[in-house]
Amino acid sequence: MFNGPNIVILAVIVFFLIAGLQLVLSMRRHGVLAYLLPTCFLFLAGYNLYKSLFVYNPHPTMAEGIYMALGLFGFASSTLILLICRVYQGRKAGE
């Protein structure tokens with residue numbers, strides 16, 4: 001069974017969920033919570049990286065790699081949306 005299109009659809013849905021949440025957090029008056037989402041994703045990726053390096057696992061699986069990829073994908077997309085929102089708010093305030 002070929003699961004390629006299903007993975008692409010899932011990735012698009014996850015991206016829109018992350019982007020929507022980041023937009024809601026970024027467009028508030030005091031968007032301090034907007035910095036929390038990229039930080040959580042970065043901790044998720046870093047934790048699984050260091051766990052796989054320092055904890056002995058005789059039967060390794062792909063779980064750590066998948067969580068690292070999800071953390072890096074979430075960090076990159078939420079940071080990009082955060083930067084876009086900050087530039088938009090800066091230009092809007094400058095008018």
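**View 1. The elements of the chain run α-α-α from the N terminus on.** Welcome to this predicted model. If you follow the chain along, you can count 3 helices and 0 strands in its secondary structure. One of these elements, helix α1, covers residues 4–26.

**View 2. The overall dimensions of the chain.** Picture a box drawn along the principal axes: the C-alpha atoms fill roughly 60 × 35 × 15 Å. The radius of gyration is 17 Å, whereas a compact globule of 95 residues would have a value near 12 Å.

**View 3. Surface and interior.** How much of the chain is buried? Of its 95 residues, 21% are buried. The accessible surface comes to about 7,300 Å², and carbon and sulfur atoms account for 75% of that area.

View 4. Is phenylalanine 15 buried, partly exposed or exposed? Its relative accessible area is 28%, so phenylalanine 15 counts as partly exposed, a class that lies between under 20% for buried and over 50% for exposed. Leaving aside residues up to four places away in sequence, phenylalanine 15 touches Phe73 and Ser77.

**View 5. Phenylalanine 15 and arginine 86.** In sequence, phenylalanine 15 and arginine 86 are 71 residues apart. In space, these two residues are 19 Å apart, C-alpha to C-alpha.

Note on methods
Residues numbered from 1 in each chain as written. Predicted model: local features only at pLDDT ≥ 70, side-chain atom pairs only at ≥ 80, totals over all residues. Heavy atoms only, no water. Helix = DSSP H or I, 4+ residues; strand = E, 2+ residues; numbered from the N terminus. Buried < 20%, exposed > 50% of the residue type's maximum accessible area, 1.4 Å probe, protein only. Contact = heavy atoms within 4.5 Å. Rg over C-alpha atoms; globule rule 2.2 N^0.38 Å. Areas by Shrake-Rupley, 256 points an atom, 1.4 Å probe, with all protein chains shown as cover.
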